[in-house]
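Here is a short briefing for a reader new to this structure. Please look over the chain first, then read the points by topic.

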Amino acid sequence: MALCSVADVRAFASPASVSDADITAIIALVSDEIAAKSGGSASSTDTNLKFAGIHASVAAVLKKARSNGELASSVSSGNYSQSNTGLISEIKEHEDAADVYIRKYLYVSMSSFAIPYGRVGRGTVNAELE
């Protein structure tokens with residue numbers, strides 16, 4: 001089970017050089033990585049983990065497209081040149097968003113945990129000292 005689907009990832013990024021099978025493999029790896037980071041499950045239904053999975057998968061797909069050469073930082077051929085300067089920042093934004101959602105998941109899951117606290121012995125509140 002995975003945290004997101006190919007359609008979720010393709011909603012953000014749809015490079016032609018990355019097939020649906022590649023995206024499925026990326027999603028499986030990213031889901032396992034997020035589960036390891038968060039202590040959650042790769043088949044979790046938690047919204048924060050799902051969004052973390054989507055953003056981390058999109059970042060990985062964009063990295064793969066960049067390494068394939070489809071979304072290279074710059075391409076030049078003869079008199080033609082193209083620059084994809086925003087790609088690196090877009091990948092970073094998706095990675096940062098994934099980290100934010102993982103932290104939200106951890107905060108929510110840890111906020112229900114409480115340690116009973118009390119003081120006992122001499123010098124406690126309302127104790128009379130001799």
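Buried residues make up 30% of the 130 residues in the chain. Buried means under 20% relative accessible area, exposed over 50%, and partly exposed in between, with a 1.4 Å probe and protein chains only. The model is predicted, so local features need pLDDT of at least 70 and side-chain atom pairs count only at pLDDT 80 or more, while totals for chains, interfaces and linings use all residues. Residues are numbered from 1 along each chain as its sequence is written, and side-chain values use heavy atoms, with hydrogens and water left out.

**Overall layout**

- The chain has four helices and two strands. Helices (H or I, at least four residues) and strands (E, at least two) are DSSP runs, numbered from the N terminus.
- Read from the N terminus, the order of elements is α-α-α-β-β-α.
- Of the contacts in the chain with a separation of 6 or more, 64% join residues 24 or more positions apart. Contact means heavy atoms within 4.5 Å.

**The nonpolar core**

- How many residues does the largest nonpolar core have? It has 25 residues. A nonpolar core is a set of buried Ala, Val, Leu, Ile, Met, Phe, Trp, Tyr and Cys residues joined through side-chain atoms within 4.5 Å.
- The elements that give two or more residues to this core are α1 (6-12), α2 (20-38), α3 (47-68) and α4 (86-111).
- Helix α3 supplies the largest share of this core, with nine residues.
- The residues with the most contacts inside the core are Val 9, Ile 23, Ile 27, Ile 34, Val 58, Val 61 and Leu 62.
- In soluble globular proteins, nonpolar side chains tend to be buried together.

**Where α2 meets α3**

- The axes of α2 and α3 come within 9 Å and cross at roughly 130°. Axes are lines fitted to C-alpha atoms, for helices over the stretch in contact, and angles run from 0 to 180 degrees between N-to-C directions.
- That angle makes α2 oblique to α3. Angles under 35 degrees count as roughly parallel, over 145 as roughly antiparallel, 65 to 115 as roughly perpendicular and the rest as oblique.
- The crossing of α2 and α3 is right-handed. A crossing is right-handed if the near helix is turned clockwise from the far one by less than a right angle, and left-handed if anticlockwise.
- On the α2 side, the residues that meet α3 are Asp 22, Ile 23, Ile 26, Ile 27, Val 30, Ile 34 and Ser 38. On the α3 side, they are Leu 49, Ala 52, Gly 53, Ala 56, Ser 57, Ala 60, Val 61 and Lys 64.
- By class, this contact of α2 with α3 has 10 nonpolar, three polar and two charged residues. Ala, Val, Leu, Ile, Met, Phe, Trp, Tyr, Cys and Pro count as nonpolar, Asp, Glu, Lys and Arg as charged, and the others, Gly among them, as polar.

**Residues in α2**

- Ile 23 lies in helix α2. Is Ile 23 buried or exposed? Ile 23 counts as buried, at 0% relative accessibility.
- Apart from neighbours within four places in sequence, Ile 23 is in contact with Val 6, Val 9, Arg 10, Val 18 and Val 61.
- The C-alpha atoms of Ile 23 and Lys 64 are separated by 9.6 Å, and the two residues are 41 residues apart along the chain.
- Ala 25 also has its place in helix α2. Ala 25 is partly exposed, with a relative accessible area of 41%.
- Ile 34 is in contact with Leu 3, Leu 49, Ala 52, Gly 53, Ala 56 and Ile 102, leaving aside neighbours within four places in sequence.

**Residues in α3**

- Val 58 is in helix α3. Val 58 is buried, with a relative accessible area of 0%.
- Beyond its neighbours within four places in sequence, Val 58 is in contact with Val 9, Phe 12, Ala 13 and His 94.
- Asn 48 is in helix α3 and counts as buried at 17% relative accessibility.
- Not counting residues up to four places away in sequence, Asn 48 touches Tyr 101, Lys 104, Tyr 105 and Val 108.
- Lys 50 is in helix α3 and counts as partly exposed at 32% relative accessibility.
- Lys 50 and Cys 4 are 46 residues apart in sequence and 6.1 Å apart in space, C-alpha to C-alpha.
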